[in-house]
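Please look over the sequence and the structure below before reading on. The briefing after them goes through the chains by topic.

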Amino acid sequence: MNPSVQALRHHFEEGGAIGRALESCGDTIVYVQASMLPRALEFLKVTPEQDYDYLVDVTAVEYRDAERPLELVYELFSLRRRAQLRVKVELDKSEDLVIDSIVPLWNAANWLEREVYDMFGVRFEGHPDLRRILMWETYSEGHPLRKDFPLRGRFSRSEQVRRALNMNPEAHYSMEELSIAQAYHELPADMRDRLARDERGKVPDPESS
Amino acid sequence: MATRRIEFNLATTGLDPQGRAARLPLGVADRGGVGILTGEDEPQLGGDHMLVNIGPQHPATHGVLRLVVELDGEVVVRVIPHIGYLHTGFEKLGEYRQYNQIVTLTDRMDYLAPMSNNVCLALAVEKLMGLDITERCKVLRVIACELSRIISHLVWMGTTAIDLGAFTPFLWCFQERERVYDLQEMWTGARLTTSLTRVGGLMADIPDGFESGLREFCKTFPNTLDEVDVMLTRNAIWCARLQGIGIMSAEEAINYSLSGPMLRASGVPYDVRKDRPYLDYESYDFEIPVGEHGDAYDRFLCRFEEMRQSVRILEQALDRLPDGPINVSDPRVSLPPKTAAMSDMEAMIFHFKQVMEGIETPVGEAYLPIEGPKGELGYYFVSDGTAKPVRFRVRPPAFINLASLAKMAEGHLLSDLIAINASIDIVMGEVDR
Amino acid sequence: MGLDVTQPTDAPPDTTVVSPVSPNWVTTKLDFIVNWARSNSLWPMPFGTACCAIEFMATAASRFDMARFGMERMSFSPRQADVLICAGRLPFKLAPVIRRIYDQMPQPKWVISMGACASTGGIFDTYAMVQGIDTVVPVDVYVPGCPPRPEGLLYGILMLQKKIRGETLADRTLREEHPLDERGLRMSPRLLDEISEPFGNSIHQTRSG
């Protein structure tokens, strides 16, 4: 077992912040309470004895067993000590899937968290630019890597092709759009709703009004 | 205010059946295909920033990458990469496939270096199962990894040279690639989509003539490298276009989790082959080239030297190639020989069970990184004890390296953006998966 | 230069073979000259997305040398291109892009669908993939293979040249534009669903999971 787990337990004594730890195939896995995640990762990153300076990967796992919570996986590596540690967070699927972003700690988390948001629907609070990254932004079938998402998508093939062909390939090609996309989460709810229906970029016709 | 009426014909069909414009150029209101520009709407060329859209279909973006670039004159103010144009759903599809069936998916992920992807997948599943593979298999997999590294860097070098205006290295690089393709085809039957590995071994042993062919390649390939070296390394244009371009300091490179030549060019000597050895890489004698400036030129030098080191590894691997089986003897993992399956009842049952039900892995999870040509390529499997993974995740080096493009390109010229993008060595199949 | 003046054997059945003295003599000779010129100077627009694009590059490089068939001039702008070669898989996110590129190409234009993914979706029967580019743009030649060897692509190109040599200027329907219909599709949704159905092995594989 990786000694960093003991150090974590020692440093975060209060209220079960550090959950169980186990070893699988030689890798050490430690569970951390969701609210404590940024602090725990910061401790692992900046403490000289820990020195986990390299964020290898951020991803999520949903199990086939619907009862099990969704897990976020943070794979850490220390370049100097050549040590590996996998930090996991459990998110209850019956509640909102929200967690604090770790982009302030590692810039690498930016796109990785966007991918988790896109594929699993986990929202990262404090992320500078949380948008879909692989699917297009008006994609409305859901989050593809969730277990309740069918392999071929929710819509029929003809509906998928129709929506794809009616997508605007020039989205994001104006200053207004770019700033809207960046400020997406600060927008009023009704505007967000209209944007989600792909009403972006239309200039109202002055003659009809 | 003077109103000007501009009629224009759209190059696209442009009109929907109601006669309304379906897709209009930006800045033009939807007025039935006729744009009205008032004096206020006229573009102000003075100090305004300009948006340039590059891609998704563009010869210099190395695939279907789309970059929206905000320019102040010719200087890049910011770059917004849009990816996902090649999102295929590998990770979802992998959850519906048995482990050996996923091998075919990995070919098509990083299609510039399919064999190293195959090897990484097999190693990850073997780590999950706690399997020890045979000595011969290990050496053959090292050969596969290093051949992949060479052909991936060759494509990178050829296409980067084209981006920067030199066509000849592309032809030389592809000529060498064809020779490796011949070897791959000899071994696996396919030029590109090799599907080389199986859990616990390989799909086939190397055929007669492969060893001598590879030795011949190792002997003559450095000559081509020398030619490219003469052509590029001290070329004034090449240096001017690459030196001091897209600099990442060591701290930034670690903060962005860069890996592979991108990280090493910034002076961080992290190579998975040395730091987290797999396939007995610690017993081979080779050097890790490390840059000091962290610019595009150092990345070129790192990749260039890596090819020479790969040739060294290939020669050592050929020298030590032991005899013996390539597959583990466990009948639940590797298929019995065809003759045994046809004549022996037990072998036939194992054959049937493996083909129909797949290989069952114990409950657990494993992350295994290898040093792919693009960087740290990792496969992460979560198993619930069945023959299909609960989660199949690839740690894509090109995806994570590409995330730093916006940081690197800021403040450079538009033409340097192309050089920086080329220096990352992306492959969109892996970025988007 | 040896010009082959025999009638194309693959001419459509309703094409009548005319005698040299018939009033159609001029048309057929003109057809011949035009088709000869067109078929031997095709400018390809390489719409390379994935693995097939690498084989396409190999086809253009030294060993296979597409220049032998008058195709060495890659036209990266659709406005100067004759043949759209879709090399690689086509996700839904890219579908409007290929449609836009096809619409931007001037007549006469042809499309080669290179590889299994472009032709049928290949092994990727997933939520993100168009099941064959013929649901988005019309296709003239399908090249099978995953990916096709360069020889396979060259054979496909030769077949396209043969097809072009069988065309006639008299048939105006060949050069008609077929824009998307009011639904934004190029075929009826039923037909689209039908040709996007999974086939062969993939039915059993996906339903068992």
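Predicted model: local features only at pLDDT ≥ 70, side-chain atom pairs only at ≥ 80, totals over all residues.

Residues are numbered from 1 along each chain as its sequence is written, chains are lettered from A and ligands numbered from 1 in the order in which they are written, and side-chain values use heavy atoms, with hydrogens and water left out.

**Chains A and B**

- Chain A contains six helices and seven strands; helices (H or I, at least four residues) and strands (E, at least two) are DSSP runs, numbered from the N terminus.
- Along its sequence, chain A has the pattern α-β-β-α-β-β-β-β-α-β-α-α-α.
- Chain A has 209 residues, of which 54% count as buried; buried means under 20% relative accessible area, exposed over 50%, and partly exposed in between, with a 1.4 Å probe and protein chains only.
- Of the contacts in chain A with a separation of 6 or more, 49% are between residues 24 or more positions apart; contact means heavy atoms within 4.5 Å.
- Chain B has 17 helices and ten strands, and 62% of its 433 residues count as buried.
- In chain B, residues 24 or more positions apart account for 69% of the contacts with a separation of 6 or more.

**The sheet of chain C**

- In chain C, four strands form an open, parallel sheet in the order S1-S2-S3-S4; two strands pair if DSSP finds at least two bridges between them.
- Strands S1 (44-48) and S4 (141-143) of chain C are the edge strands, each pairing on one side only.
- Five bridges join S1(C) to strand S2 (residues 83-87) of chain C, and C:Gly48 stands opposite C:Ala87 in S2(C).
- Helix H2 (residues 51-60) of chain C lies across S1, S2 and strand S3 (110-114) of that chain, at about 125° to S2(C); axes are lines fitted to C-alpha atoms, for helices over the stretch in contact, and angles run from 0 to 180 degrees between N-to-C directions.

**Helix H5 of chain C**

- The buried residues of H5(C) include C:Leu153, C:Ile157 and C:Ile164.
- Seen down the axis of H5(C), its buried residues fall within an arc of 155°, so they line one face of the helix; the arc is that of the directions from the helix axis to the C-beta atoms.
- These buried residues pack against helix H1 (25-40), H2, S2, S3 and S4 of chain C.

**Nonpolar cores**

- The largest nonpolar core has 226 residues, and A:Tyr74 and B:Met157 touch the most other members; such a core is a set of buried Ala, Val, Leu, Ile, Met, Phe, Trp, Tyr and Cys residues joined through side-chain atoms within 4.5 Å.
- Helix H4 (residues 135-163) of chain B gives the most to this core, with 15 residues.
- A second, separate core of 21 residues includes C:Ile85, C:Val141, C:Ile157 and C:Ile164.

**Backbone angles**

- Most residues other than glycine have a negative phi, and most peptide bonds are trans.
- The peptide bond from C:Gln107 to C:Pro108 is cis, with omega near 0°, and C:Pro108 is in the loop between helix H3 (95-104) and S3 of chain C.
- The peptide bond from C:Cys146 to C:Pro147 is also cis, with omega near -10°.
- A:Asp51 has a positive phi near 60° and counts as buried at 16% relative accessibility.
- C:Asp65 has a positive phi of about 50° and, at 30% relative accessibility, counts as partly exposed.
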